[in-house]
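I opened this structure to trace its strands. These are my notes, in the order I looked things up.

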Amino acid sequence: MTARARVPASSSNLGSGFDCIGVAIDRWLVASVTCAAETRGGGGGITVRRHGRLTAVSVPADEDLLVRGFRAACAAARVPAPGGGAIIDAASDIPVGCGLGSSAAAIVAGVLLADAALELNLTRQQVVEIATSIEGHPDNVAPAVYGGAVLSVRTSTGGGLVSTSLNVAADIELLIAVPPFPSDTKAARALLPKTLPHADAVLAASRAAALVQGLATGDGALLSAALDDVLHVPFRRARIPGYDAVVAAAQNAGAFGATLSGAGSAIVAIAPRERSAAVGTAMIAAWRAIGIESELITCTGSASGATVTASPRATHDVRRTTHDSTVIKELL
């Protein structure tokens, strides 16, 4: 059995939506798996062949997030992994380690490949929960699965997740400036304090509410407040060279505000559509002024979620090239 999954990138937190809000981005990880009888010499193991930006990943197959997602899906469904082994081919144009959900995309792809290839019949919410158990939080996972902007909330301490789509006003855009260096997510999380003053918690809650309403209405005052986070950005911003300059440039060009995408290193701004080109140009120029060439990604908040298909035999071969765009086109 062969299955193929296509999973989007995502930008999470968006300031005050820490660990619970994210939006799908029009960059993609595309992967396929060939299981059992179609695998020669598998011996029960899973082999990963990486293409595109995934060539920057160098971990043993058992530690690869695609494999971990695949095995976690099998475990959740109480189905053994393919006895004859499996081969996963994967390509991506999602920047790795820059706060655009590359890890979540890989985990979700692994879960979906197992679901389709082994006919596990998982619901999308089960996919979110399985992937979140590996990722640790749902802010990137849920938009990768459902698409668009998504809020995910735990129903109780250690309990299940409830995910709901958020409306995004048609007249706003997200501009994401991605530098050529990654950010260590674990190190960034280690910088966060274990406790905060009650007043800061109240402010954080109000700004998270402002984010939800601001995204839905495009209200500039609400979005400006929502992007001025107090929970995580103040403790992480110093790790990103040029952060203050890029944020100031975005605001001066007409953005409602700007903040870290995830834990960085990318910076995301939200702007009215008529100012988006100027904002993007200003962000790139601000980093260039200190010798950093960055890449701009524009997002409307309407990127679709993951898709998956299965077939009794392979329909493509991605081994012919390792060029990003060509590999992605072949997988598509």
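I settled one term before starting: two strands count as paired if DSSP finds at least two bridges between them. I also kept in mind that the model is predicted.

**Entry: β1 and β11.** I looked up the partners of β1. Five bridges link β1 to strand β11, residues 307-311, and the two run antiparallel.

**Entry: β1 and β2.** Next I turned to strand β2, residues 17-35. It runs antiparallel to β1, and 12 bridges join the two. Ser 12 is bridged to Gly 22 in β2. How many residues lie between β1 and β2 in their hairpin? I found three. Leu 14 sits in that turn, with a positive phi of about 50 degrees.

**Entry: cover of β1.** Is β1 mostly covered or mostly uncovered? I noted that it is mostly covered: of the 12 residues in 2-13, 11 are buried.

**Entry: the open sheet.** I then followed a sheet of four strands. Its order is β8-β9-β7-β10, the pairing is antiparallel, and the sheet is open. Which strands form the edges? They are β8 (257-260) and β10 (295-299), each pairing on one side only. On average, neighbouring strands here are turned by 25 degrees against each other, direction ignored.

**Entry: inside the sheet.** I looked at β7, residues 172-178, and β9, residues 267-272. Six bridges join these antiparallel strands. In β9, Ile 267 is the bridge partner of Ala 177.

**Entry: a helix on the sheet.** Last, I looked up helix α9, residues 243-252. It packs on the sheet and touches β8 and β9. The direction of α9 makes about 155 degrees with that of β8.

Methods: Residues are numbered from 1 along each chain as its sequence is written. This is a predicted model: local features need pLDDT of at least 70, side-chain atom pairs count only at pLDDT 80 or more; totals for chains, interfaces and linings use all residues. Side-chain values use heavy atoms; hydrogens and water are left out. Axes are lines fitted to C-alpha atoms, for helices over the stretch in contact, and angles run from 0 to 180 degrees between N-to-C directions. Contact means heavy atoms within 4.5 Å. Buried means under 20% relative accessible area, exposed over 50%, partly exposed in between (1.4 Å probe, protein chains only).
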